Amino acid sequence: MEWTTVEAADGAKLSVRIFKPAAPVEEAEDVAVVLVHHYTILGGVQGLLRGMAQGLAQRGHRAVTFDMRGAGRSTGRASLTGSSEVEDVVAVCRWVADTLKPRAVLLVGSSAGAPIAGSAVDKVDQVVGYVSIGYPFGLMASILFGRHHDAILKSEKPKLFIMGTKDGFTSVKQLQNKLKSAAGRVDTDLIEGAGHFQMEGPAFDAQMVDLIVNFIKSLPK
């Protein structure tokens with residue numbers, strides 16, 4: 001694992017960790033994964049994604065986590081709706097593309113990180129796909145994050161939405177109704193009996209890694 005700092009367009013300094021595989025990565029399989037953490041205002045920090053990042057590195061993918069503005073070691077102030085944080089995701093994805101030079105980048109967002117990541121997908125050419133873990137599409141959550149919905153639903157890039165069937169923020173029906181209008185390839189994976197905050201816990205890390213790796217394998221080379 002390595003640490004670095006990436007500067008966002010407005011000068012916010014973002015604390016970034018890079019998790020590297022032990023063995024060299026073959027070019028065809030070289031998709032780096034950028035993971036976007038949960039809602040900063042409720043305590044979201046990159047450390048919560050460490051288990052997934054380590055699991056992805058063990059499976060041969062460079063994984064990158066970072067503290068969005070106002071979280072952990074990063075400077076700046078968190079926004080209520082995640083609008084400023086979109087530029088943090090863009091800055092980190094561009095840094096990964098330019099510095100680590102993978103074949104491609106996959107964006108993964110967890111909880112509130114999912115809508116924020118979704119708004120960044122089409123802002124970086126090297127991002128080839130998107131994975132959401134517990135996207136908060138429900139009515140109450142949409143008051144905060146509804147402005148992000150269109151960006152990911154209109155994106156033609158392949159998308160995977162992972163959600164627990166007992167998610168307290170979004171019902172299965174709400175997810176299905178939202179995805180009816182989605183462009184491009186859309187996959188869903190429902191985790192039977194899992195709640196929103198359960199899926200953010202370490203008990204589900206290995207399962208999330210499996211789903212992410214299999215999704216990467218399904219993407220065009």
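Good morning. I begin with F161, which stands opposite T188 in strand β8. The structure is a predicted model, in which local features need pLDDT of at least 70, side-chain atom pairs count only at pLDDT 80 or more, and totals for chains, interfaces and linings use all residues. Residues are numbered from 1 along each chain as its sequence is written, and side-chain values use heavy atoms, with hydrogens and water left out.

F161 belongs to strand β7. Strands β7 (residues 159–164) and β8 (residues 186–191) run parallel and are joined by six bridges; two strands pair if DSSP finds at least two bridges between them. Strands here are DSSP runs of E with at least two residues, and helices are runs of H or I with at least four, numbered from the N terminus.

I now turn to the rings. Rings of Phe, Tyr and Trp (its six-membered ring) pair if their centres lie within 6.5 Å; planes under 30 degrees apart count as stacked, over 60 as edge-to-face and the rest as tilted. By this rule there are six aromatic pairs. One of them, Y135 with F161, is tilted, at 6.1 Å centre to centre and 50 degrees between the planes. Because Y135 lies in the loop between β6 and α4 (139–145) and F161 in β7, this pair ties together parts 26 residues apart in sequence.

Are these two residues buried or exposed? Buried means under 20% relative accessible area, exposed over 50%, and partly exposed in between (1.4 Å probe, protein chains only). Y135 is buried at 2%, and F161 is buried at 1%.

Finally, ring pairs link Y130, Y135, F137 and F161 into a cluster. Thank you.
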